[in-house]
Amino acid sequence: MSTRSTGSGSSRPGIRQVAERAGVGIASVSRVLSGQPGSSPQLTERVLEAARQLGYTPNLLAQNLRRRTTQSIGFVGSDITNPLLASIVGGAESVLSAAGYSVLLTNSGGIPDVDAKRIAVLLQRQVDGLILLPALEDDPATLAALRSSEAPMVVIDRTMPADLGAHSVLSDHHAGLGEATRHLLDLGHRRIGVAVGRDVRPSRERIRAVEYGFRARGLVPDLIVDWGTLSGEHGESAMERFLADPVPPTAVVLGGIQLLEGALRVVRRRGLRLGDQLSLVCCDDSPLSRFHDPPIAAVLRDTALLGQRAAAILLEQIERPHPTEPEVLPTWFEPRASCGPAPAVAPGVAAGDGATTSRTGSRRNRPAPA
């Protein structure tokens, strides 16, 4: 059995050197190292021992090219500063890593044109599949980039055109926020401000849930809806608009944890007592909402599970493409001290001004442009 040197310390041993060290043919080494059946236990052990002695590591790129796979998944996210996205990505990565895949994460910063460019880059890298959480559902450039791909794709919490053939994992926003709305109505609130992000599925579902909560009680929905981007700046401006309204809401729902810091700046600036002068509910949770005084009531969901299920569905599609129905995961409401009985006088209205919360009907500003 040859022990020929593989060269200088910088030279990487190859499959030929492993074959010589093990005293077998190159084809036998290739079969063992690629996990193909047909090798005896004794032959397998000889090859593996030779590889260990030489410090041989397989050329994964060459193997993947032969198999027409890259063992990589592209993840398109719109805002990596959002801790919820980190949780979703972490859930997906745990499943994909266990299956031998790496994750290529991109970030668009919520800019649709950048989403399209990131998708194009991932497809150029020939990823085996895509997990998507794009900024918009109907951006022409994003849809064109996706239609150019034959790779399987799973979208998270978005409603995409049917012709994409995308699979989806969704949150049941209607359930959790429906519970929150019933809780607020039980506390006597009859006018609610709702701040949401862009015109995508979570925003629409959250508004629909609050409106349905009113109608289920035989009440006309009385909402002020403020669309924008999910950011602290929008949370601040939306809360200012709500409180400056001639008939301010006595309760506010924030359709995203990114809005909370800005909204709380306004609450503090105005000296309002949450749970007393104003009630507040936030969709999703964070240390800020849990440890604020008082703690902020929240609509909760398992974001890591969203990523895990998206990854599992994608792996199934890579292995065996087949039609699927959208998978819907639960949300639930956790009442906390930020919600209290509706005040006799709306926040921001001086006692004796005569303003009440009796006006009915919903008012919405236009969704922010892309």
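Which residues in α8 meet which residues in α9?

**Stop 1: colour by confidence**

Start by colouring the chain by pLDDT. The mean for the protein chain is 87, and 86% of the residues reach 70 or more. Now select residues 1-10, where pLDDT stays under 50 and the model has 12 contacts beyond four places in sequence. Move on to residues 354-361, where the pLDDT is also below 50; this stretch has 21 contacts in the model beyond near neighbours in sequence. Where pLDDT is low, the predicted coordinates should not be read in detail.

**Stop 2: the open sheet**

Next, show the strands as a cartoon. Six of them form an open sheet, and reading across you meet β2-β1-β3-β4-β5-β11, with parallel pairing. Select β2 (102-107) and β11 (327-329) to see the edges: each has a single partner strand, so one side of each is left without a neighbour in the sheet. Turn the view and you can follow the twist, which averages 20° from one strand to the next.

Zoom in on β1, residues 72-77, which pairs with β2 in the parallel sense over six bridges.

**Stop 3**

Two packed helices are described by the angle between their axes and the distance between the axes. For α6 and α7, the axes come within 7 Å and cross at roughly 15°. The two helices are therefore roughly parallel to each other, and α6 passes α7 in a left-handed crossing. Show side chains for Pro112, Asp113, Asp115, Ala116, Ile119 and Leu123 of α6, which meet Ala141, Thr142, Ala145 and Leu146 of α7. By class, this contact divides into seven nonpolar residues, one polar and two charged.

**Stop 4: α8 against α9**

Back to the opening question. Select helix α8 (residues 173-186) and helix α9 (residues 201-216); their axes come within 8 Å and cross at roughly 35°. This crossing is right-handed. On the α8 side, pick His173, His174, Leu177, Gly178, Thr181 and Leu185. They meet Arg201, Pro202, Glu205, Arg206, Arg208, Ala209, Val210, Tyr212, Gly213 and Phe214 in α9. Colour the contact by class and you will find seven nonpolar, five polar and four charged residues.

**Stop 5: α10 against α11**

Continue to helix α10 (residues 232-244) and helix α11 (residues 260-270). Here the axes come within 6 Å and cross at roughly 45°. That makes α10 and α11 oblique to each other, and their crossing is right-handed. From α10, select Gly232, Glu233, Gly235, Glu236, Met239, Glu240, Leu243 and Ala244; from α11, select Gly262, Ala263, Arg265, Val266, Val267, Arg269 and Arg270. Together these give the contact of α10 with α11 six nonpolar, three polar and six charged residues.

**Stop 6**

Finish with the backbone itself. Most residues other than glycine have a negative phi, and most peptide bonds are trans. Phi of Asp157 is near 60°, a positive value in a residue other than glycine.

To place Pro294 in the chain, look in the loop between α12 (287-291) and β10 (297-301).

Notes. Residues numbered from 1 in each chain as written. Predicted model: local features only at pLDDT ≥ 70, side-chain atom pairs only at ≥ 80, totals over all residues. Heavy atoms only, no water. Pairing = 2+ DSSP bridges. Helix = DSSP H or I, 4+ residues; strand = E, 2+ residues; numbered from the N terminus. Axes fitted to C-alpha atoms, helices over the stretch in contact; angles between N-to-C directions. Left-handed = near helix turned anticlockwise from the far one by under 90°. Contact = heavy atoms within 4.5 Å. Nonpolar A, V, L, I, M, F, W, Y, C, P; charged D, E, K, R; others polar. Parallel < 35°, antiparallel > 145°, perpendicular 65-115°, else oblique. pLDDT = per-residue confidence, 0-100.
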